[in-house]
Amino acid sequence: MSYRQGRFWQPDVTVATVVVDGGRLLMVEEMAGGRLVLNQPAGHLEPDETLIEAALRETREETGWDVRLTAFVGAYQWKAPVNPDGSGGRHYLRFAFAAEPVAHDPARTLDEGIIRAVWMTPSELQAAHERHRSPLVWRAAADFLGGKRHSLDITQHLA
């Protein structure tokens, strides 16, 4: 049954932050699906939260870094593949932001599942493509590195 035939469908809305300092990208190593993967600081939008608030919160929770958002990189849709056991197949709508680091709290406990935050050069990240959590990881990084930047006021929150 399709959405138009009355089936409820809702994508997972997520944010990601492309944090850059000295030519290196701030990434997280995390456990997902029994694998150690690489991702930007990223996570789900919470109720009553703006996209900007979510990006700042997720970056802090997953890396211990407070950042300053500098631009909106892009919005991305992706459907995860369906696994042989029938799981997966979720649809994601990701909003990616560019940021620069402001302050780090090395004593902060990172979110569950996060192993560590790590700074990587673009070539190191690209070389580790088999470990990317999804194709969204490199696409947002590549778009940022390619100069894609939009004003933060492109995102609007209507209360």
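Mentor: Let us begin with a definition: a residue is buried when its relative accessible area is under 20%, exposed when it is over 50%, and partly exposed in between (1.4 Å probe, protein chains only). This is a predicted model, in which local features need pLDDT of at least 70 and side-chain atom pairs count only at pLDDT 80 or more, while totals for chains, interfaces and linings use all residues. Residues are numbered from 1 along each chain as its sequence is written, and side-chain values use heavy atoms, with hydrogens and water left out.

Trainee: Are E58 and R57 buried or exposed?

Mentor: Both E58 and R57 are buried. They also form a salt bridge, with their closest N and O atoms 2.9 Å apart. A salt bridge is a side-chain nitrogen of Lys or Arg within 4 Å of a carboxyl oxygen of Asp or Glu.

Trainee: How many salt bridges does the structure hold?

Mentor: The structure holds 12 salt bridges. One of them joins R131 to E29, whose closest N and O atoms are 2.7 Å apart. This pair links distant parts of the chain, 102 residues apart: R131 lies in the loop between α2 (122-127) and α3 (135-145), and E29 in strand β2. Helices (H or I, at least four residues) and strands (E, at least two) are DSSP runs, numbered from the N terminus. E29 is buried because its relative accessible area is 8%, whereas R131, at 26%, is partly exposed.

Trainee: Which residue does R60 meet in a salt bridge?

Mentor: The side chain of R60 meets that of D66, at 2.5 Å from N to O. R60 has 32% relative accessibility and therefore counts as partly exposed; D66, at 30%, is also partly exposed.

Trainee: Where is Y76 placed, and with which residues is Y76 in contact?

Mentor: Y76 is in strand β5 (residues 65-79). Its relative accessible area is 9%, so Y76 is buried. Contact means heavy atoms within 4.5 Å. Leaving aside neighbours within four places in sequence, Y76 is in contact with several residues, among them Y92, L136 and D143.

Trainee: What can be said of D48?

Mentor: D48 has a positive phi of about 65 degrees, although it is not a glycine. D48 lies in the loop between β4 (42-44) and α1 (51-63). At 80% relative accessibility, D48 counts as exposed.
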